[in-house]
Amino acid sequence: MITNSEVLQADFQPAEILHRHDQINYLSEVLEPITDNQRVDGAFIHGPTGVGKTHTTQFLLERLEASSPEIETTLIDCWANYQYGATLKRVLEGYDIFRRRGEPKDDLIAKLKAEVDHPYVVVLDEVDQLEDDRLLKPLHEMPHITLLLIANEREDLYSRLDSRVHSRLAGYPAVEFKKYTQDELVSILRKRTEAATRGEVISEPHLEVIADRVGGDARFAIAILKNALEHADRRGGERVRKEDIESVLGDAREELLRATISKLTADQRVLYQILVEGGEQSIGEIYEQYEQRVRDPVVKRTVTGYLQKMEHYDIVELHGQKRGRTYEVTTTQLMDFEDVLE
Ligand SMILES: Nc1ncnc2c1ncn2[C@@H]1O[C@H](COP(=O)(O)OP(=O)(O)O)[C@@H](O)[C@H]1O
Ligand SMILES: [Mg+2]
């Protein structure tokens, strides 16, 4: 049934981005002056997970590069590159700037300043995962660099920034990506199915069943679709039945949770373990254990940010408000994640 499994992978870049015209038009307008070599500081992109922030931005960068070859672009996943040195390295690489081994970081900033002499759009995706905000101010101040910051929530990020950094970035125009509606998800799934299979393999009502289950998250919807198609394939079916969908819901969710857990940073792994071992806890209780377990603990505010990120990706649940707030993992009842944590 499946003729092209690649298009069902979570990180596949679709040829066409559906239902994001407003965001694409808005961001194109914001970036427009760069094509005349005028300065644009940056913009902010926010919304929950699985709503097309990364892939829409990627699409925009490709279009920009195609229309204006003098513009350089790079998209950096700050979750994988959350330390100052790692992020900086990616920024330099994106502009093909050569580094010597062990070159001091301050020299690298100076080098970047000296060498970037035409427009360079730097996307910091998952920017709320950065360990600290030291890199944001110098990048913001470089005249040819335009910063596109992608995060789940603007306020969560801004509340963690140093006030001097905050005051600079607060002026960035912001664009929100909302959860997809059921109809939007159905058409995204329809397109994906057409690219992955041949013939009529899943009915409209069945796509609606999937869309109903995912809370507006296209990533989750595509994971269910992939698993349902594979399930139907395995039983030798020619069309997806409702049972195929029902029976893979748990697997699809587990697949996404595993992917998230395997992305966790060293500190987040420690936090995850603390919650698995000790159950529901307050930030005070969590932080006390965290401080004992790691060599270079980050401040409590940053730990709160890490936990918020884990909440956005559905592996941690928050209960209560403000001071009485507690945290709990959502995954223990599902399975043992030890192997992913290794
Ligand atoms: N508007 C869209 N049209 C087609 N595919 C989409 C769209 N939005 C999201 N997707 C797909 O859904 C998945 C999640 O999108 P992604 O850009 O990673 O979301 P986010 O960055 O907001 O978490 C990807 O596989 C992507 O290809
Ligand atoms: Mg993303």
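This is a predicted model: local features need pLDDT of at least 70, side-chain atom pairs count only at pLDDT 80 or more; totals for chains, interfaces and linings use all residues.
## Helices α8 and α10

Which residues make the contact? On the α8 side they are Leu185, Ile188, Leu189, Arg192 and Thr193; α10 brings Ala218, Ala221, Ile222 and Leu225.

## Helices α13 and α14

Now to another pair of packed helices. Helix α13 (residues 283-293) meets helix α14 (residues 300-312) at an angle of about 110°, and 11 Å separates their axes. Because angles of 65 to 115 degrees count as roughly perpendicular, α13 is roughly perpendicular to α14.

From α13, the contact takes in Ile283, Gly284, Ile286, Tyr287 and Tyr290. Helix α14 answers with Lys300, Val303, Thr304 and Leu307. Six of the residues in the contact of α13 with α14 are nonpolar, two are polar and one is charged.

## Aromatic pairs

How many aromatic pairs does the structure hold? There are four, and two of them are worth a visit here. One is formed by Tyr95 and Tyr120: the pair is tilted, with 5.0 Å centre to centre and 50° between the planes. Tyr95 sits in the loop between α3 (84-94) and α4 (105-115), while Tyr120 belongs to strand β3 (residues 120-125), so the pair ties together parts that are 25 residues apart in sequence. Are these two tyrosines buried or exposed? Both Tyr95 and Tyr120 are buried.

The other pair brings us back to helix α13. Tyr287 and Tyr290 form a tilted aromatic pair, at 5.6 Å centre to centre and 35° between the planes. Both residues lie in α13, three residues apart, which is about one turn of the helix. Tyr287 and Tyr290 also take part in the contact of α13 with α14.

Why does Tyr287 count as buried? Its relative accessible area is 12%, and buried means under 20%. Tyr290 is buried too, with a relative accessibility of 0%.

Note on methods
Residues are numbered from 1 along each chain as its sequence is written. Chains are lettered from A and ligands numbered from 1 in the order in which they are written. Side-chain values use heavy atoms; hydrogens and water are left out. Axes are lines fitted to C-alpha atoms, for helices over the stretch in contact, and angles run from 0 to 180 degrees between N-to-C directions. Helices (H or I, at least four residues) and strands (E, at least two) are DSSP runs, numbered from the N terminus. Angles under 35 degrees count as roughly parallel, over 145 as roughly antiparallel, 65 to 115 as roughly perpendicular and the rest as oblique. Contact means heavy atoms within 4.5 Å. Ala, Val, Leu, Ile, Met, Phe, Trp, Tyr, Cys and Pro count as nonpolar, Asp, Glu, Lys and Arg as charged, and the others, Gly among them, as polar. Rings of Phe, Tyr and Trp (its six-membered ring) pair if their centres lie within 6.5 Å; planes under 30 degrees apart count as stacked, over 60 as edge-to-face and the rest as tilted. Buried means under 20% relative accessible area, exposed over 50%, partly exposed in between (1.4 Å probe, protein chains only).
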